[in-house]
Amino acid sequence: MSSSIETSSRKHNLSYIIRICCIAALGGILLGYDTAVISGAIGPIREYFNLTPAQTGWAVSSVVLGSIIGAVSAGWCALKYGRRKALFLAALLFIISAIGSALASTFTIYVLFRIVGGIAVGLACVVSPMYMSEVAPKDFRGRAVSMFQQSAVIGQTGVFYVNYLIAKGMSEAWLVDIGWRWMLASEVLPALLFGCLLLIIPESPRWLVLKGHLAQAKETLSRISNPEHADRVILEIQKSLVPANASKNNKVSLRSPLLFSILVIGTFVAAAQQLTGINVIMYYTPEILKPIAGGTENALFQTTFVGVVFIFGNALGMYLIDKVGRLPLMKYGTFGCALGMTIVGYVLYTGTEGYAALFALCLYVVAYATSWGCACWTMISEIFPNSIRSRAMAIAVGAQWFTGFIVTQSFPMLNENAYLKEHFNGAFSFWVFAVLSIICMYVVVKYVPETKGVSLEDMEKVMAEKLGKNKKREVAEASA
C-alpha cells in the first residue's frame with residue numbers, strides 16, 4: 001500500500017527523463033559535428049579542388065541544401081515511422097556521409113556525400129528537439145530541449161579541437177592532400193555511438209498515442225511520472241490531436257486561419273535564426289581569423305576558444321530559460337548578437353590585429369547561445385499544437401536551412417567581392433547581420449507569446465490569445 005502511495009505521489013522521474021533526452025541530444029552533437037567540421041577543412045578543400053569563391057560557397061552550403069531535404073522529409077518520416085526510427089536513419093546517413101566525403105576523388109563526389117550528411121542533419125534537427133519536447137514535462141521542457149542546442153555546441157567545439165589536433169604540427173601541403181580527409185572521416189565514431197544508444201530509448205509517448213498504441217504510451221509516461229499522471233496526459237493528448245478544425249479523417253488542415261498563422265510565425269522564428277549569421281561563424285571562423293591570427297594553425301586554435309565559450313553560453317541559457325522565460329533571453333541576447341557582429345565588422349574594417357576579433361566572436365556566441373540558440377530551438381519545438389507538430393516543424397526547419405543555405409552560399413561571394421572588399425575590408429556582411437538581428441528580434445517579441453510553463457496541449461490557446469490581442473490592436477489602430 002505504501003509503495004502505491006509513493007508511486008502516485010512521485011511527480012517526475014527526472015533521472016530517467018535526463019537519460020533519454022541525453023541520448024536524443026546526441027543527434028545535436030552530430031548536427032554540430034557535421035556542420036562545423038568543414039570550418040577546418042574548407043581551406044585545404046578549396047586548394048585541393050582549386051575552387052572559385054562560388055564553388056567554395058557550394059562546398060560548404062551543399063550540406064545545408066541536404067539539410068533542407070532532410071528537414072522537409074523529417075515530418076513525414078517521424079509521423080509515419082516514429083521519432084526513434086527517424087533518428088536511427090539519421091545516424092546511418094551520418095556514417096555514410098563521413099566515409100564517402102572523406103574518400104571523395106572528385107569535387108562532385110564530395111558534394112554528393114556532403115548532401116547526404118545534410119539530409120541527416122535535417123532529420124536530426126527536426127526530430128531530436130521534437131522527441132525531447134514530447135517526453136519532457138512542461139516545467140523541465142525548456143532545459144530538456146536546450147540540451148539539443150548544448151549538444152550541437154559540444155559537437156561543434158569537439159570538432160574544432162579535433163581539426164586543430166589533426167592540423168597541429170603538419171604542413172599546409174599535408175593538410176591539402178590528406179588532412180581534410182581525416183577531419184571529415186572522424187565523424188564516424190560519434191555517429192556509431194548515436195545509432196547504438198538509440199536502441200535503448202523508448203518511442204515518443206505522443207506519437208504512440210497518435211498511432212493508437214495506448215498501452216505502450218502509458219508504460220513510457222508511467223516511467224516518466226506515475227500511472228495516474230500517465231492516464232491524465234493520454235486523455236489530454238487524445239483531445240488535442242482532434243480539435244474542432246479537423247477534417248473527417250481526423251487530419252487537421254494547416255490552412256485554417258489560426259494554425260496557418262502559427263505556422264507562419266514558427267517558420268519565421270526558425271528562419272530568422274540563420275539571419276543572425278551563426279552559420280558564417282560556425283563554418284568560416286578559421287578563414288575569418290586567418291589574416292589576423294598568423295596562419296591556419298593559430299586560426300584553428302583560436303576557433304576552439306569560440307567553441308568553449310559557446311558551451312558556457314549555452315549552459316547559461318539552459319540555467320535561465322525555465323527561470324526567466326524565453327522572451328527576455330531573446331531580447332537581451334539579440335542585442336548582444338548585434339553588438340558582437342558590429343565589433344567584428346569594425347575590427348575587420350580597421351584591420352586590427354590581435355585578439356579583438358576573437359573577443360567579439362566570443363561575445364556574439366554567448367549572446368546567440370542564450371537567445372537564438374536555447375530560446376529559439378525551444379520555441380520551435382513548443383509553439384506548434386500536437387495536431388500539426390511534426391508537419392509544422394518540418395516546414396519551419398526546412399525554411400531555416402533554406403535561409404542558412406542562402407547565407408552560407410553568399411558569404412564567400414560577398415566577402416571576396418572586389419568592390420565590397422575595397423570599401424569595407426570584409427566588414428560588410430557582419431554589419432548586415434547586426435541589423436537583421438535587431439529586426440528579427442522585434443518580430444519575435446511582437447508575435448510570439450511567452451511559453452514558459454505552458455503545456456503542449458494548451459499551446460494553441462496561448463498562441464490564439466497572443467495573435468488575438470495583436471489583431472484587436474491592429475483593428476483599433478486602423479479605425480482610429
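Predicted model: local features only at pLDDT ≥ 70, side-chain atom pairs only at ≥ 80, totals over all residues.
**Entry 1: salt bridges**

I began with the charged pairs. Side chains of opposite charge can pair when their charged atoms come close. My tally for the model stands at six salt bridges.

I looked up Asp-34 and found it paired with Arg-114, with 3.5 Å between the closest N and O atoms. Asp-34 sits in helix H2 (residues 14-49) and Arg-114 in helix H5 (residues 107-135), so this bridge ties together parts that are 80 residues apart in sequence. Are the two partners buried or exposed? Asp-34 is buried, at a relative accessible area of 0%. Arg-114 counts as buried too, at 1%.

Next I went to Arg-326.

For the bridge to Asp-322, I read 3.0 Å between the closest N and O atoms. For the bridge between Glu-382 and Arg-326, the closest N and O atoms are 2.5 Å apart. This second pair links distant parts of the chain, with Glu-382 in helix H16 (residues 356-382) and Arg-326 in helix H15, 56 residues apart.

I then checked burial for each member. Arg-326 has a relative accessible area of 0%, so I logged it as buried. Glu-382 is buried as well, with 0%. Asp-322 has a relative accessible area of 15%; the cut-off for buried is under 20%, so I put Asp-322 down as buried.

**Entry 2: helix H15**

While at Arg-326 I took a look at the helix that holds it. H15 covers residues 326-350, which makes 25 residues. From its first C-alpha to its last I get 36 Å, close to the 36 Å expected at 1.5 Å a residue. What follows H15? I found Gly-351 there, with a positive phi near 70°.

**Entry 3: Glu-450**

I moved on to Glu-450, in the loop between helix H19 (428-447) and helix H20 (459-479). Its relative accessible area is 26%, so I have it as partly exposed.

Which residues does Glu-450 touch, not counting residues up to four places away in sequence? My list reads Gly-325, Arg-326, Leu-327, Pro-328 and Val-462.

I checked where the side chain of Glu-450 points its polar contacts. One goes to the backbone nitrogen of Leu-327, at 3.1 Å. Another goes to the backbone nitrogen of Lys-452, at 3.1 Å.

**Entry 4: Ser-133**

Back to helix H5, where I found Ser-133. Arg-114 of Entry 1 is in H5 too. Is Ser-133 buried or exposed? I have it as buried, with a relative accessible area of 0%. Leaving out neighbours within four places in sequence, I listed its contacts as Arg-141, Val-145, Ser-381, Arg-389 and Leu-456.

Asn-50 has a phi of about 55°. Asn-425 is likewise not a glycine, and its phi is positive at about 55°.

Where do they sit? Asn-50 is in the loop between H2 and helix H3 (53-81). Asn-425 is in the loop between helix H18 (418-424) and H19.

I checked accessibility for both. Asn-50 counts as exposed, at 66% relative accessibility. Asn-425 counts as partly exposed, at 38%.

**Entry 5: a nonpolar patch**

Last, I turned to the surface. Which residues make up the nonpolar patch there? I noted Phe-88, Leu-199 and Ile-200, with about 340 Å² of accessible area together.

I followed up on Ile-200. It lies in the loop between helix H8 (188-197) and helix H9 (205-210).

Conventions. Residues numbered from 1 in each chain as written. Heavy atoms only, no water. Patch = residues over 30% accessible without salt bridge, like charges linked within 9 Å, V, L, I, M, F, W, Y side chains within 5 Å. Areas by Shrake-Rupley, 256 points an atom, 1.4 Å probe, with all protein chains shown as cover. Salt bridge = Lys/Arg side-chain N within 4 Å of Asp/Glu carboxyl O. Helix = DSSP H or I, 4+ residues; strand = E, 2+ residues; numbered from the N terminus. Expected span 1.5 Å × (residues − 1). Buried < 20%, exposed > 50% of the residue type's maximum accessible area, 1.4 Å probe, protein only. Contact = heavy atoms within 4.5 Å. Polar contact = N/O pair within 3.5 Å; in protein donor to acceptor, adjacent residues only side chain to side chain.
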